[in-house]
Amino acid sequence: MGGGSRAVGDVEKAVERSIEEMHEKLAEALSIGDMAKSAMCSKFHFSREFQRVTGVTPRRFLSALRLQKAKELLLATQLTVAEISQAVGYGSVGTFSSRFAISVGVSPSDYRRQNGFIDPPGIVSNGEIGGAVKGVVTGPPDADLGLIFLGLFPGRVPEGEPVSCTVLRRPGPFEIGNTPPGSWYLLGHSVPAAANEALTDWQEVHVGHLGPLEVPSGASSQTVEFQLRSMRILDPPVLPALQNIRSAAFAGGLLPADH
């Protein structure tokens, strides 16, 4: 048992080393072989274990890190979009801008102009009766969670617009309605109430994930327990510009009533 625990710990440390190298070399053309070398294992073994530990492939994780850094540079520096695209490893500013818009939900220029905010997403309906995902959110008892965003996404990395979402003032019961049938990941994200939510490098971010959850056709529901915890280096970055969802929630009555 102890040997198995040590083996799991060794694998996680190897994956952490590779992620640290990604952070240090975002502007460089890192190959799977380069990443595997930093983890000191074969490419096949590295790719398999990286996805098992983080939930996504090494290339997907690296792409998310690059876009996360780009978000920071857009708000914290005067670098041009072209300069930022080069700083995070993109050879084409057009490719960078397209990837950023898909993952963050707004173009790099608009993200900067709107100071990291974006309008709340609309709910897209394909005519089928939507279901619901409901349950209870829990978190560390002494954590300063601030507002809690919960969204349903098609993949393990929170990016783009959620298919449906809600915002909570604090841990407790939740329900996400208008959920189209399909297989979705429930992803959560919270930043301390007093923090600048668009710049989180020095903030204690809390995250959680669950899924995939199967939502069938018809007015049915999934009931789950969703736990938030401190974000770790092994967690994929949160890419959508969700801040205005939180702000609009207070003004527009999107938040559930206090219990």
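Q: Which residue in E4 does Val136 stand opposite?
A: Strands of a sheet pair through backbone hydrogen bonds, either parallel or antiparallel. In this predicted model, Val136 stands opposite Pro173 in E4. Strand E1, residues 131–138, and E4 pair in the antiparallel sense, and six bridges make up that pairing.

Q: In what order do the strands of the sheet with E4, E1 and E7 lie?
A: The order is E4-E1-E7. This is an open sheet of three strands, and its pairing is mixed. Strand E4 (172–179) and strand E7 (221–227) each have a single partner strand, so one side of each lacks a neighbour in the sheet. On average, and with direction ignored, neighbouring strands of this sheet are turned by 20° against each other.

Q: What is the order of the strands in the open sheet of five strands?
A: Reading across the sheet, the order is E3-E2-E5-E6-E8, and the pairing is antiparallel. E3 and strand E8 (229–230) stand at the edges; each has a single partner strand, so one side of each is left without a neighbour in the sheet.

Q: How many bridges join strand E5 to strand E6?
A: Eight bridges join E5 (residues 182–190) to E6 (residues 206–215), and the two strands run antiparallel.

Q: Is Thr166 buried or exposed?
A: Thr166 belongs to strand E3, which spans residues 164–168. Its relative accessible area is 10%, and buried means under 20%, so Thr166 is buried. Apart from its neighbours within four places in sequence, Thr166 is in contact with Ile148, Phe149, Leu150, Glu175 and Ile176.

Q: Which residues of H4 and H6 meet?
A: Arg60, Leu67, Ala70, Lys71 and Leu74 in H4 meet Phe96, Arg99, Phe100, Ser103 and Val104 in H6. The residues of this contact divide into six nonpolar, one polar and three charged. The angle between H4 and H6 is about 95°, and their axes are 11 Å apart. These two helices are therefore roughly perpendicular to each other.

Q: Which residues touch the most other members of the largest nonpolar core?
A: In soluble globular proteins, nonpolar side chains tend to be buried together. Here, the largest nonpolar core has 37 residues, of which Met22, Phe96 and Phe100 touch the most other members. Helix H1 (2–24), H2, H3, helix H4 (58–76), helix H5 (81–87) and helix H6 (93–104) each supply at least two residues of this core. H4 gives the most, with eight residues. A second, separate core of 17 residues includes Leu145, Leu168, Leu186 and Leu213.

Q: What is Phe100 in contact with, leaving aside its neighbours within four places in sequence?
A: Phe100 is in contact with Leu67, Ala70, Lys71, Leu74, Gly105, Val106, Ser107, Pro108 and Tyr111.

Methods:
Residues are numbered from 1 along each chain as its sequence is written. This is a predicted model: local features need pLDDT of at least 70, side-chain atom pairs count only at pLDDT 80 or more; totals for chains, interfaces and linings use all residues. Side-chain values use heavy atoms; hydrogens and water are left out. A nonpolar core is a set of buried Ala, Val, Leu, Ile, Met, Phe, Trp, Tyr and Cys residues joined through side-chain atoms within 4.5 Å. Buried means under 20% relative accessible area, exposed over 50%, partly exposed in between (1.4 Å probe, protein chains only). Helices (H or I, at least four residues) and strands (E, at least two) are DSSP runs, numbered from the N terminus. Contact means heavy atoms within 4.5 Å. Two strands pair if DSSP finds at least two bridges between them. Axes are lines fitted to C-alpha atoms, for helices over the stretch in contact, and angles run from 0 to 180 degrees between N-to-C directions. Angles under 35 degrees count as roughly parallel, over 145 as roughly antiparallel, 65 to 115 as roughly perpendicular and the rest as oblique. Ala, Val, Leu, Ile, Met, Phe, Trp, Tyr, Cys and Pro count as nonpolar, Asp, Glu, Lys and Arg as charged, and the others, Gly among them, as polar.
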